[in-house]
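Here is a short tour of a protein model, written for someone who likes to check geometry directly. Have the viewer open and follow along.

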Amino acid sequence: MHGSAVSAPVGVGILQRPYVLVTVGACALVFLAAFESLAVTTIMPVVSRELGGAGLYALAFAGPLATGVIGMVGAGNWSDRRGPVGPLLASVAVFALGLLVAGTAGTMWAVVAGRLVQGLGGGAMTVALYVVVARVYPAVLHPKIFAAFSAAWVIPSLVGPFAAGLVAQLASWHWVFLGVVVLVLPALAMLLPALRGVRSGNANGNGNANGNGADAAGGQVPWALGRLAWAALAALAVLGLNLSSRLPVAGPLVAGAAVVIALLAVRPLVPRGTLTARRGLPSVILIRGLVAAGFFGAEVYLPYLLVERYAFSPTFAGLTLTGGALAWAAASGVQSRLGGRLGSPAAVRFGSVMVLLAIALALVTTAFGWPAAVAIAGWVLAGGGMGLAYPRLSVMTLALSTPDTEGFNSSAMSISDSLGGALALAATGIVFTASTTTAASFAGVFVLTAVIAAVAVAIAPRVAH
């Protein structure tokens with residue numbers, strides 16, 4: 001049973017009292033993260049070309065996902081100690097600081113540094129928002145609020161990629177980062193009133209970030225410094241994997257060691273049995289990482305492919321992301337309206353298959369020189385798959401949580417999400433730079449991500465408890 005103690009009055013929705021302020025504030029932050037993600041993915045080929053940073057392209061995406069793991073663990077622990085308000089406010093501040101660093105950067109290394117800071121804040125923000133959902137909304141409203149989170153990507157998907165490309169062409173890519181910072185203040189202003197009265201998780205000694213309940217004395221949950229250390233080690237391993245391609249002799253050895261270390265470090269951060277796909281919650285957490293790895297590992301290279309192979313401008317290359325994001329929001333809304341008529345395990349299976357088919361279309365487009373429209377249309381299919389699977393994975397995670405494991409399980413889900421994407425991006429970066437031709441580079445990326453998506457399809461049936 002879900003651990004939420006709140007119950008919804010009959011007929012009350014997420015945009016009605018007493019939930020409307022929390023809904024608007026939380027969706028504003030999701031909007032902010034969505035705009036940043038889509039905008040930066042659109043302009044990164046321009047940034048890489050201008051700063052001569054092709055060798056750091058993958059790291060610019062994998063780095064923030066890696067440092068996000070640290071933020072997720074810290075936010076989960078902090079939320080279980082004191083509630084989600086403190087970590088949410090701190091995470092927004094760190095997120096904005098990272099954008100400022102990247103927006104004022106003059107070298108690719110400085111851009112990467114800003115992205116690392118931004119990832120730390122973004123990861124913490126994700127977990128804090130999930131705990132807010134668990135503490136405020138009853139279980140019956142969870143599918144609707146997670147659908148609203150997906151829908152919050154609609155507006156930035158419509159204007160984000162196009163606006164980012166336009167700003168980069170007419171002014172400078174620096175303003176894409178700095179412009180997102182401006183959105184922090186109104187988002188935070190909307191959220192602050194909603195945070196009043198959000199309960200902490202330890203009023204009765206409940207809530208442990210490691211998922212084992214309160215301590216024996218019923219006191220406050222301690223800081224999980226050991227888990228923070230494991231998170232830092234996992235992040236360092238991902239960064240090491242990214243940089244291994246720059247070591248011509250020892251590179252393969254470093255890459256292999258980094259993968260092993262990352263997998264060992266993540267074990268204490270997720271439920272037991274996650275890495276072996278144990279049925280139920282462990283497989284839910286694992287599928288989240290695999291689907292994210294396949295989808296995001298391929299997505300960041302689609303605008304790059306359109307710019308390099310098909311001579312698209314950054315503005316129109318970003319429209320690929322718009323189509324995928326719109327499909328994501330639409331499919332999320334569909335699964336919300338279907339409710340129990342579409343079981344969560346079935347939604348996850350269908351979504352995983354759709355992502356695999358979309359990556360396969362990108363691969364054959366690259367390999368056989370098919371029109372760019374094939375890959376673009378395929379990515380609409382991928383977005384639809386994510387819209388089906390992601391909200392249901394979130395619902396299942398909270399449904400299998402209790403009050404004292406909400407922070408831990410929300411953190412574990414987000415860690416799997418980010419670490420899966422980070423490892424995939426690191427691996428695709430190695431494949432991309434190792435290939436001798438542009439066509440082979442993109443084909444190698446899509447082959448790898450297709451394999452990852454195929455593993456997700458194979459494991460998807462195990463999410464049913």
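## Helices H2 and H17

H2 and H17 pass each other in a left-handed crossing, the term for a near helix turned anticlockwise from the far one by less than a right angle (clockwise would be right-handed). Helices here are DSSP runs of H or I with at least four residues, numbered from the N terminus. H2 covers residues 57-82 and H17 covers residues 406-434; they pack at an angle of about 170°, with axes 8 Å apart. Axes are lines fitted to C-alpha atoms over the stretch in contact, and angles between N-to-C directions run from 0 to 180 degrees. H2 is therefore roughly antiparallel to H17, since angles over 145 degrees count as roughly antiparallel, those under 35 as roughly parallel, 65 to 115 as roughly perpendicular and the rest as oblique.

Contact means heavy atoms within 4.5 Å. On the H2 side, the residues that meet H17 include Phe 61, Leu 65, Val 69, Met 72 and Asp 80. Among their partners in H17 are Phe 408, Ser 411, Ile 415, Ser 418, Leu 419 and Leu 425.

## How the model was made and read

This is a predicted model, in which local features need pLDDT of at least 70 and side-chain atom pairs count only at pLDDT 80 or more, while totals for chains, interfaces and linings use all residues. Residues are numbered from 1 along each chain as its sequence is written, and side-chain values use heavy atoms, with hydrogens and water left out.

The predictor's confidence in each residue is its pLDDT, on a scale from 0 to 100. The protein has a mean pLDDT of 83, with 91% of its residues at 70 or more. Below 50 you will find residues 201-218, a stretch that still has 42 contacts in the model beyond near neighbours in sequence. Residues 1-5 also stay under 50, and the model gives them 19 contacts beyond four places in sequence.

H17 has another partner in H9 (residues 225-243): their axes come within 8 Å and cross at roughly 15°. That makes H9 roughly parallel to H17, and the crossing is left-handed. Arg 227, Val 238, Leu 241 and Asn 242 of H9 make this contact, with H17 residues that include Phe 408, Ser 411, Leu 419 and Ile 430.

Two residues of H17 are worth a click. Ser 418 sits in this helix and is buried, with a relative accessible area of 10%; buried means under 20%, exposed over 50% and partly exposed in between, using a 1.4 Å probe and protein chains only. Leaving aside neighbours within four places in sequence, Ser 418 is in contact with Leu 65, Val 69 and Met 72. Ala 424, also in H17, counts as buried at 2% relative accessibility. Not counting residues up to four places away, Ala 424 touches Ala 293 and Ile 452. Its C-alpha atom is 25 Å from that of Val 395, which is 29 residues away along the chain.

## H5 against H14

H5 (residues 142-151) and H14 (residues 319-338) pack at an angle of about 165°, with their axes 8 Å apart. They are therefore roughly antiparallel to each other, and H5 passes H14 in a left-handed crossing. The H5 residues in contact include Pro 143, Lys 144 and Phe 146, and those of H14 include Trp 328, Ser 332 and Gln 335.

What span should H15 have at 1.5 Å a residue? For its 25 residues (344-368) the answer is 36 Å, and its end C-alpha atoms are 36 Å apart, which agrees. The expected span is 1.5 Å times one less than the number of residues. Buried residues of H15 include Val 348, Gly 351, Val 355 and Ile 359; the buried set packs against H11 (281-299), H12 (302-309), H16 (372-399) and H18 (438-459). Just after H15, Gly 369 takes a positive phi of about 65°.

H16 has 28 residues and reaches 41 Å between its first and last C-alpha atoms, close to the expected 40 Å. It is mostly covered, with 21 of its 28 residues buried.

## Two alanines with positive phi

Most residues other than glycine have a negative phi. Ala 277 has a positive phi of about 55°; this residue lies in the loop between H10 (251-266) and H11 and counts as buried at 8% relative accessibility. Ala 311 has a phi near 60°. Ala 311 is in the loop between H12 and H13 (314-317) and is exposed, with a relative accessible area of 69%.
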